[in-house]
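Q: I am new to this structure. Please walk me through how to read it.

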Amino acid sequence: MSTPLACEVDTLIGVKWQKPPLVKRAWLRWTLIAGFAGYLVAAFLTIEVNWMRVYEGLDRGAAFVLAFTSPDFTSRAGDIWEGMVESVVMTVTASVVGIAISIPIGLGAARNIAPLPVYLACRGIVAISRALQEIIVAILLVAIFGFGPLAGFLTLSFATIGFLSKLLAEDIESMDRVQAEAIKASGARWTQWINYGVQPQVMPRLIGLSMYRIDINFRESAILGLVGAGGIGATLNTAFDRYEYDTAAAILILIIVVVMTLEYLSGIIRARVQ
Amino acid sequence: MLRLKKLLKTYKTGDEALKSIDLEVPDGQVLALIGPSGAGKSTMIRCINRLVEPTSGEVWLDDTELTKLSSGALRQERRQMGMIFQEYALVERLTVMENVLSGRLGYVGFWRSFLRKFPQSDVDEAYRLLDRVGLLSMVDKRADELSGGQRQRVGICRALIQNPKLLLVDEPTASLDPKTSRQIMRLICELCAERGLAAIINIHDVALAQMFVSRVVGLRLGALEFDGAPQELTPDVLTTIYGEEDWEATIEKVEDDEEEQVA
Amino acid sequence: MPVLEKDGVRVWQRRSRSESLIRWFGWLIGVAVFMYCWQQISAVTTWFFVVDAPRIAGDIWDRATPPKWGYITQLGRPIWDTLNIATLGTIIALTLAVPTAFLAARNTTPSALFVRPIALLVIVSTRSINSLIWALLLIAIIGPGVFAGVVAIAIRSIGFCAKLLYEAIEEINESQVEAVTATGASRWQVMAYGIVPQILPAFAGIAVFRWDINIRESTVLGLVGAGGIGLQLSASLNVLAWPQVSLILIVILFAVVISEWVSAKVRGAII
């Protein structure tokens, strides 16, 4: 046993060692590297940057950064207040309605508890909601329902459904089957089974995800105003248009503070339910 | 020669892990450090190469006092002390060869090590060591593909390729099955004998310690309780180190084991 | 366990009386807040339009179908731009997110007192603000175009990637780092050998995940003038060219599905 090994080591002494490459086939490795490098070159070449314009913009950039040191909360206080309230209102309503709708759809989109037709229908809804972005949905809904927070509310609810149902369904699909079976074995009807066998298992995660989604909804509500769907975005857009950087800085600071607060709260709540 | 003088470690929590340890380990001596969990065995080993900063006291490795060294000089000295860990502590996503070569990090510059361009002499030595521990065929396997015993052998190679004077071994067998534990212990002791290395081996398995080493040091609550040959470990001594228990069985088992251990 | 004595019979209840009172009160407040918010929305909504909505939706549908397929010839360049915005933005973001994450992670930050809070501030502020807002801001500063889009995507992604990355760094196995330190390795070598291999899978996953999201976001950046296919979308919307709008929406949908497929494939290959 030891003799052949000793031979083997003698053959290896003096041989250069190299880390085995990630992609074993050399031609594939080089094709991938060359393809990526080629893409990067092409991408850089096709981007048109007006460096003069960028250079001129540096002053404005500096002005904007400076504006953060002296944000102006007061001169447009009325607009900011209204916009923030509208954003919060949209966040609250859309989160409540979105979460309420996404629970049944999430149940329906879990293959292990829903019959096939229901499963397909629910998965379809989830797929559509996830593929369409908030801002595009908002444009369409503004066209249909007119300007205002109603369109924003509907947009966020719709987006919440796609996000939450998918994750809820995945959570249900990966739950512990034995616990659920034990409840079923006791002769529980379907609703009781969900209530006792499934709900306790997925509840902590559902609460965590809901908190996370509220956070996202607030952030998204800040841009819906750009397309006329209500919220702080409209105020922000106006501030940028008028080059009122100090007001814009104030609004951005407010958004960051609210998001941080929400994250902090959701951290506490998640720690408590888990 | 390693000398510890009044080595003391108090953690921020106020726990006195080491209470003024004095110890001398001559060149080429393999020493087993026994004691219950929390006795300060790990802390002591880590205070020697300053993975844990001692609170006070001195650590002499030959003519260098380690506790006062700057971080650069400390790195130079760490190269003299190979360390072997409890849970192997291999970098799991690197290959066996990379793990072994990482023992040479103290000798090569950053970019060379980053680009994996180690000197050929290091690579040769790595092959020799892997051959010695019987893992030559595993060179390009990733460390997380190996079994526990194999990983610990890689860990041993990583420590030895540093070309150390001293091995610090922290519970080398704690996560291994009894047979592999013995093989690993035997390997470590054989290698120490071959290369004339001194070693401090933390081990909680008294029987295993008695089987392989020439000197045993017992630690209890951060203080030295026993220092002597393995034969001197009587039930009374074990009781002072570990507390009241029927020790006869343990010691007898050792003798039985020694008979059958020829394979 | 709350047990109620009632006529000498012990009745088990899930919650004690005060607990259930608090719960009911909580629900009451929740419902009240929701109703108040709903009223706010309802007050500024012209319900006449809402009643009319189905007819308008049908009207738009009629105008938008069939999509103007011939228009696709003009979409090649915008699609290329969109891809570039997402990819270059992701690459720039990753190169900046890596050092930020190392500065923000508790176990690698050079100073928990000074450097870490700054890194965390960078992460929070870039993450909280949507890429559309960053684009709006950058257009005001450096002018409209693809470049503003790239920078907007990059800034938005820094915080996102750095947050996930520093969480991964904080979860690494310390004993592997200790082992590399014990060999006498320098600070940078410890990073390259002890830390980087451990977070590499997480890093690759984050990169692909964020690239997927960035493809989605870069399709709409054009709405504010930051290049890509969104420019065509907003131009078509402005002139109410609904058949073009529907074609663009189909293209965007297609791009999103493809990017999700690619990212799922790549993630599967890594893990």
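Q: How many helices and strands does chain C have?
A: Helices (H or I, at least four residues) and strands (E, at least two) are DSSP runs, numbered from the N terminus. Chain C has 10 helices and 2 strands. Along the sequence the pattern is β-β-α-α-α-α-α-α-α-α-α-α.

Q: Is chain C spread out or compact?
A: Compare the radius of gyration, taken over C-alpha atoms, with the globule rule: 2.2 Å times the number of residues to the power 0.38. For the 271 residues of chain C the rule gives 18 Å, but the radius is 26 Å, well over that, so chain C is more spread out than a compact globule. Along the principal axes, its C-alpha atoms fill a box of roughly 75 × 65 × 40 Å.

Q: What should I know about the model and its numbering?
A: This is a predicted model: local features need pLDDT of at least 70, side-chain atom pairs count only at pLDDT 80 or more, and totals for chains, interfaces and linings use all residues. Residues are numbered from 1 along each chain as its sequence is written, while chains are lettered from A and ligands numbered from 1 in the order in which they are written.

Q: What is the mean pLDDT of chain A?
A: pLDDT is the predictor's confidence in each residue, from 0 to 100. Chain A has a mean of 85, and 97% of its residues reach 70 or more. Over residues 1-6 of chain A the value is below 50, and this stretch has 2 contacts beyond near neighbours in sequence. Contact here means that the C-beta atoms of two residues, placed from the backbone, lie within 7 Å. Where pLDDT is low, the predicted coordinates should not be read in detail.

Q: Which domains does chain C have?
A: Domain bounds come from an automatic or database domain assignment. For chain C it gives domain 1 (3-64) and domain 2 (73-270). Their C-alpha centres lie 37 Å apart.

Q: What percentage of chain C is buried?
A: Count other C-beta atoms, placed from the backbone, within 10 Å of a residue's own: 20 or more is buried, 12 or fewer exposed, and in between partly exposed. Buried residues make up 44% of the 271 in chain C.

Q: Where do the buried residues of α9(C) pack?
A: They pack against α3, α8 and α10 of chain C. Helix α9 covers residues 229-238, and its buried residues include C:Ile229, C:Leu231 and C:Leu233. Just after α9(C), C:Leu240 takes a positive phi of about 55 degrees.

Q: Why does C:Ala269 count as exposed?
A: C:Ala269 has 9 C-beta neighbours inside 10 Å, so it counts as exposed. This residue lies in helix α10 of chain C.

Q: How many residues do chain C and chain A give to their contact?
A: Chain C gives 44 residues and chain A gives 42. The largest share on the chain C side, 7 residues, comes from α5(C). For classes, Ala, Val, Leu, Ile, Met, Phe, Trp, Tyr, Cys and Pro count as nonpolar, Asp, Glu, Lys and Arg as charged, and the others, Gly among them, as polar. That side of chain C has 33 nonpolar, 10 polar and 1 charged residues.

Q: Which elements of chain B give two or more residues to the side that touches chain A?
A: The contact takes 12 residues from chain B and 10 from chain A. On the chain B side, those elements are α3 (96-101) and α5 (120-132). The largest share, 6 residues, comes from α5(B). By class, this side has 4 nonpolar, 2 polar and 6 charged residues.
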